[in-house]
Amino acid sequence: MNVLLDNIDLYARGFLGTIQLFVVSAVGSLVLGAILAAMRVSPVPILRAFGTVYVNILRNTPLTLVIFFFAFAYPRLEIADLSFFTRACIGLILYTAAFVCEVIRSGVNTVPVGQAEASRALGFTFTQTLSQVVLPQAVRNVVPPLANVQIALLKNTTIAAGFSVTEAGGIYQALSERGANVFVGLVWVAIGFLILVVPLTLLQRNLDRRWSTAR
């Protein structure tokens, strides 16, 4: 307990950084993932091809390599001067969106084809059919795996600690510099992540139960 109380400032800054990284990356990955899923099921060949190539490349690329690119290679491109935090968010969003896309696409495949055909018969465009008929049902069907992707994202934020982003995964470095017990410090970090993950798990179960009843 002394390690926690004596270094409460480190834990506060670290977990605040983790929460900020997670919230920004979660929202961004959900939006981009939904767009990519729409491309994957689009009747336009070019959009389908782009979505397929993007997902296959990002899903088979280690997240460490993605973050490494934005931390060290991106500045050499001299496109825009972005902070480490912003670059870490972009890396996490691009990587996680590929998994969100596949989860949503699997949900789209569970929606009966007849519903899309009926929508088209009523004069709905592809965009209207997807946004108003298919996606609302698809999202209900993929709550558990979608929540698992976001929980994995929360834990993946620790990788950003290796690239000068202040977050919980880097607390051990500061503890070592202060001469504190690193092992005990890491135990408190694990407990902190558990406190963050449990509410997400409970929310997932609540939504899944509620929407299962609605179905």
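Guide: Helices here are DSSP runs of H or I with at least four residues, strands are E runs of at least two, and both are numbered from the N terminus. Residues count from 1 along each chain as its sequence is written, and side-chain values use heavy atoms, without hydrogens and water. The model is predicted, with local features needing pLDDT of at least 70 and side-chain atom pairs 80 or more, while totals for chains, interfaces and linings use all residues.

Visitor: What share of residues 84-105 is helix, and how far apart are the end C-alpha atoms?

Guide: That span is 100% helix and 0% strand, and its end C-alpha atoms lie 32 Å apart.

Visitor: And what about residues 53-72?

Guide: Residues 53-72 are 85% helix and 0% strand, with 24 Å between the end C-alpha atoms.

Visitor: Which residues does UniProt list as "transmembrane region"?

Guide: The unreviewed entry lists 21-41, 53-72, 84-105 and 182-203, although such annotations may be inferred rather than shown by experiment.

Visitor: Changing topic, how many residues are in the largest nonpolar core?

Guide: The largest nonpolar core has 41 residues, and L21, L36, Y54, L63, V66 and L92 are those with the most contacts inside it. Helices supplying at least two residues each include helix 2 (8-40), helix 3 (45-59), helix 5 (84-110) and helix 10 (182-214). A core here joins buried (under 20% relative accessible area, 1.4 Å probe, protein chains only) Ala, Val, Leu, Ile, Met, Phe, Trp, Tyr and Cys residues through side-chain atoms within 4.5 Å.

Visitor: Which helix gives the largest share of this core?

Guide: Helix 5 does, with 11 residues.

Definitions and conventions
Buried < 20%, exposed > 50% of the residue type's maximum accessible area, 1.4 Å probe, protein only.
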